[in-house]
Amino acid sequence: MSKTLLDKVWEAHTVRTLPNGATQLLIGTHLIHEVTSPQAFGMLRDLGLKVLYPHRTFATVDHIVPTDERVEPFSDDLADAMIKALRQNCAENGITFFDLPTGKQGIVHIVGPEQGITQPGTTIACGDSHTSTHGAFGAIAFGIGTSQVRDVLATQTMALHKPKVRRVEVNGKLAPGVYAKDVILHIIRKLGVNGGLGYAYEFAGSTFDAFTQEERMTVCNMSIEGGARVGYVNPDNTTFEYLKGRPFAPKGADWDAAVARWKATASDADAKYDDVVTYNAADIAPTVTWGINPGQAIFIHEKVPFASEVPEKDRATAEEALSHMHLKSGDPIKGTKVDVAFLGSCTNGRLSDLQEVARHLKGRKVREGVKAIVVPGSQGVASVAESMGLAEIFRNAGFEWRGAGCSMCLGMNPDKLVGDQLCASSSNRNFKGRQGSPTGRTVLMSPLMVAAAAVTGEISDAREVFGVK
Amino acid sequence: MALEKITQVAGRGVYVPGEDLDTDRIIPARFMKCITFDGLGEFAFYDARSFAKADGQVHPLDDARFQGASILLSGSNFGCGSSREHAPQALYRFGIRAIVAESFAEIFFGNSITLGMPCVIASSEDIRAIAALIESDPAALLTLDLTEKKISIADTDFPVTIADHAHEALVSGKWDAIADLLEGLDAVKSRANALPYMAA
Ligand code: SF4
């Protein structure tokens, strides 16, 4: 024994060793979307190849869809061409497409789990770096480039080198008002934005054991922001409960057999790791970013750092960050004026995120002058949230309730920051220009912190704003 | 598919300093609204270049002295962020044929190798030294020699490193894996048959 989940899944999916030493790894599930797939289908056509396993390929449209006016043709010709290309590629190749009219469309990393496509012990690839999200189910999930999308379409495999495994353990109970988002921002702050290079992160410990499936997804989602292409949590009853009854989950006798297999894929108690780090949940407070990468993060009660305080190799980036963000070293981050509040994305656009915010937001109002939008991660999330009355709570508070998509997470659709607006955002990247305006400023935080910023018009401690105890 | 064996890249150099230069900066998302990679070259580092222009400065990629450069030098964690192949594609289509940096983000690195664009690692001192040489003589020829694992400029050699598998893939002309992968199709099918979730 002594194997990690990664060892076991890797072994079960190894086709052969390629002449250059790489593994030809079988990719059981291939998820595709409109931005990174059209060129791959083009390459396939050029090579005269076909999709090998259309029934293991699933598509959705998320990055470019408008979230307000969703009538086709879209006013943006390029966006319209992209959805049409995907539609045609799926139809020609017999690929299931969770298209806009299906009621199942949404962000690819929300749709996969929601449909029960994402399963333990499987391998998953998608032309999108946040594919690590699916690791929350004990899958090994990779973000890939377009040439690899072509490889997976044509051969259902790709050439890969096995990563090392670092066990990232968090133990204990999080304080009220501290969320999974704070945990992952804290981990990235500690290990660095490239600390995970060459590693898969196995997230473990009592904090993860107690997490819901959706909280685990929030953490795995941002593995890549710490440089780890793969992040996973060992599957357990929480995972199985979540999957049971979902459209693509095994049924009847197959279900029991699947659960038995899934249980066996978890890391052995005596598994060997290449590295182990441990954190205490009690040491983590609500965290926000102050800079232009997700590792530039501080607790809400901390001050914006001086460039001279950071390690020398990070100093130039810190200076660049301070100037881009118009923040002053030594000032508290709390109280920084906010123009936009964005609640959504594959990190925090799931039902439990909206529920947690709505519970506190009820009866409160968005501060005048703040543009606040909620973008549910999928049509599925949106319709349940609407039937539960959450949409109404958000609307009454002054949030715009939008249709499902990536939206302002990356501003490829009409939802963009304008000029140097500062956005309190539940998304995963605060890179320069990420939210659609080259000078736009992004501050990453948990969904409830976004709501607190919306209500007060400034970066705030949600625990104080909503009396969270 | 016989591919060119990439053992050497020669050309002039251009230094774009900075750490953690992410894929959103290499190619801002708004330029990814396309269904082919054609024409992406002009958008490489688009925002950084227009900021420089607005500030009355010249971004290295727009600097007349470095026009036509094909070897890009930069800092650490180059290409972090998105898996978008649009990033290496934009650089390649801009005319870049090799990148020298202190370190590379993993997905970017893999995407670049698949295009036959070597990404090699050099120390920060050496990168600065090469940058200084380029600055003093922008016409100087840089030669990246993958066999010898060194980069040379003006009679000076600097050591570089590259992961063995990528090195092997480039010098043996197997940097695009598709041909190898296709050869294994029978084995792929039998592996898939052994996995219950792969059943139709
Ligand atoms: S929500 Fe953001 S991070 Fe997630 S897939 Fe969409 S653009 Fe990428």
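**Entry 1: an Asp in chain A**

I started at A:Asp415, whose side chain makes a polar contact of 2.7 Å with the side chain of A:Ser407. A second polar contact, 2.9 Å, links the side chains of A:Asp415 and A:Arg402. This is a predicted model, so I read these as computed distances.

Where does A:Asp415 sit in chain A? I found A:Asp415 in the loop between strand S17 (400-401) and strand S18 (422-425). Buried or exposed? A:Asp415 counts as buried, because its relative accessibility is 6%, and the cut-off for buried is under 20%.

I then listed what A:Asp415 touches, leaving out residues up to four places away in sequence: A:Thr67, A:Arg402, A:Ser407, A:Met408 and A:Gln435. Two names there were already in my notes: A:Ser407 from the 2.7 Å polar contact and A:Arg402 from the 2.9 Å one.

**Entry 2: cysteines**

How many disulfides are there over all chains? I get 0 disulfides. A:Cys220 is in none, and the nearest cysteine sulfur, in A:Cys346, is 12 Å away. A:Cys220 also counts as buried, because its relative accessibility is 0%.

**Entry 3: a sheet in chain B**

Before going on, I looked at confidence. Chain B has an average pLDDT of 95, and 100% of its residues score at least 70. For the complex, the predictor gives an ipTM of 0.91 and a pTM of 0.96.

In what order do the strands of the open sheet in chain B run? I wrote down S1-S6-S7-S8, 4 strands with antiparallel pairing. Strand S1 (8-11) and strand S8 (156-159) are the edges, each pairing on one side only. On average, neighbouring strands of this sheet are turned by 15 degrees against each other, direction ignored.

I zoomed in on one pair: strand S7 (residues 150-153) of chain B runs antiparallel to S8(B), and 4 bridges join them. I also looked up the bridge partner of B:Ser152 in S8(B), which is B:Asp157.

Last, what lies across this part of the sheet? Helix H5 (residues 124-136) of chain B lies across strand S6 (142-145), S7 and S8 of chain B. I noted that H5 runs at about 150 degrees to S8(B).

Key:
Residues are numbered from 1 along each chain as its sequence is written. Chains are lettered from A and ligands numbered from 1 in the order in which they are written. This is a predicted model: local features need pLDDT of at least 70, side-chain atom pairs count only at pLDDT 80 or more; totals for chains, interfaces and linings use all residues. Side-chain values use heavy atoms; hydrogens and water are left out. A disulfide is a pair of cysteine sulfur atoms within 2.5 Å. Buried means under 20% relative accessible area, exposed over 50%, partly exposed in between (1.4 Å probe, protein chains only). Helices (H or I, at least four residues) and strands (E, at least two) are DSSP runs, numbered from the N terminus. A polar contact is a pair of N or O atoms within 3.5 Å; within protein, one must be able to donate a hydrogen and the other to accept it, and residues adjacent in sequence count only if both atoms are side-chain atoms. Contact means heavy atoms within 4.5 Å. pLDDT is the predictor's confidence in each residue, from 0 to 100. Two strands pair if DSSP finds at least two bridges between them. Axes are lines fitted to C-alpha atoms, for helices over the stretch in contact, and angles run from 0 to 180 degrees between N-to-C directions.
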